[in-house]
Amino acid sequence: MENALAAFNMTPGQYIALSHLRSKHKYSAAELARKTGVSPQSMNELVLAIDKKGMIVREAVDKNPRVKRISLTVQGIEALATIDAQIDRLEESLLSVITPTEVDIIRSSMIALLNRLGEGPL
């Protein structure tokens, strides 16, 4: 995955943050940090990096001008679609050596693990 992302000058953390923004929900950096399991300081660095690439826009919230909501730009949406296609091809290649039943088991197991992580501290 890192090799696929390197072609786009993107880290896995930046890709994960962009992927969360795909939902059209405007997250703050702190919310993205919680969703991705990184520290707020690390997320701020990720946000700055993808902002410099023109992939996101940050808008202040009326109630608290220090909090900025982040959303994808058209460039970010297009880049994410291109990266997703490459990641999909990589996944397809990796999973081609196992049976469809085994793929289903892996996917359902990963979903269960991610759901558990989403519940909070272990």
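# Close-up views of a predicted model

**View 1. The largest nonpolar core holds 23 residues.** Those with the most contacts inside this core are M10, Y15, L18, L21, M43, I56 and I70. Two or more residues each come from α1, α2, α3, α4 (40–52), β2 (68–72) and α5 (74–95). A nonpolar core here is a set of buried Ala, Val, Leu, Ile, Met, Phe, Trp, Tyr and Cys residues joined through side-chain atoms within 4.5 Å. Buried means under 20% relative accessible area, exposed over 50%, and partly exposed in between (1.4 Å probe, protein chains only). The model is predicted: local features need pLDDT of at least 70, side-chain atom pairs count only at pLDDT 80 or more, and totals for chains, interfaces and linings use all residues. Residues are numbered from 1 along each chain as its sequence is written, and side-chain values use heavy atoms, with hydrogens and water left out.

View 2. From the N terminus on, the order is α-α-α-α-β-β-α-α. Helices (H or I, at least four residues) and strands (E, at least two) are DSSP runs, numbered from the N terminus. The C-alpha atoms fill a box of roughly 50 × 35 × 20 Å, taken along the principal axes. Of the 122 residues, 25% count as buried. The chain exposes about 8,300 Å², and carbon and sulfur atoms supply 57% of this area. Accessible areas come from the Shrake-Rupley method with a 1.4 Å probe; for residues, only the protein chains shown count as cover. Among contacts with a separation of 6 or more, 47% join residues 24 or more positions apart.

**View 3. I70 and the residues around it.** Leaving aside neighbours within four places in sequence, I70 is in contact with L21, H25, K26, Y27, S28, A29, L32, V47, I56, V57 and R58. Contact means heavy atoms within 4.5 Å. I70 is also among the residues with the most contacts inside the largest nonpolar core.

**View 4. S28 sits in the loop between α2 (12–21) and α3 (29–36).** S28 counts as buried because its relative accessibility is 9%. Residues up to four places away in sequence aside, S28 touches V67, K68, R69 and I70.

**View 5. E59 and K26 meet in a salt bridge.** The N to O distance between their side chains is 3.0 Å. The pair links distant parts of the chain, 33 residues apart: E59 is in strand β1 (residues 56–60), and K26 is in the loop between α2 and α3. A salt bridge is a side-chain nitrogen of Lys or Arg within 4 Å of a carboxyl oxygen of Asp or Glu. The structure holds five salt bridges. E59 counts as partly exposed, at 36% relative accessibility. K26 also counts as partly exposed, at 38%.

**View 6. R69 forms a salt bridge with E31.** Their closest N and O atoms are 2.4 Å apart. This pair, too, links distant parts of the chain: R69 lies in strand β2 and E31 in helix α3, 38 residues apart. R69 is partly exposed, with a relative accessible area of 26%. For E31, also partly exposed, the value is 23%.

**View 7. R107 forms a salt bridge with E91.** The closest N and O atoms are 2.5 Å apart. R107 lies in helix α6 (residues 100–118) and E91 in helix α5, so the pair ties together parts that are 16 residues apart in sequence. R107 counts as partly exposed at 41% relative accessibility. E91 counts as partly exposed at 35%.

**View 8. N9 has a positive phi of about 55 degrees, although it is not a glycine.** Most residues other than glycine have a negative phi. N9 is found in the loop between α1 and α2. N9 is exposed, with a relative accessible area of 59%.

**View 9. M1, L90 and L94 make a nonpolar surface patch.** The patch covers about 270 Å². Patches are made of residues with over 30% relative accessible area and no salt bridge; like charges are joined within 9 Å, nonpolar side chains (Val, Leu, Ile, Met, Phe, Trp, Tyr) within 5 Å. M1 lies in the segment before α1 (2–6). At 43% relative accessibility, M1 counts as partly exposed.
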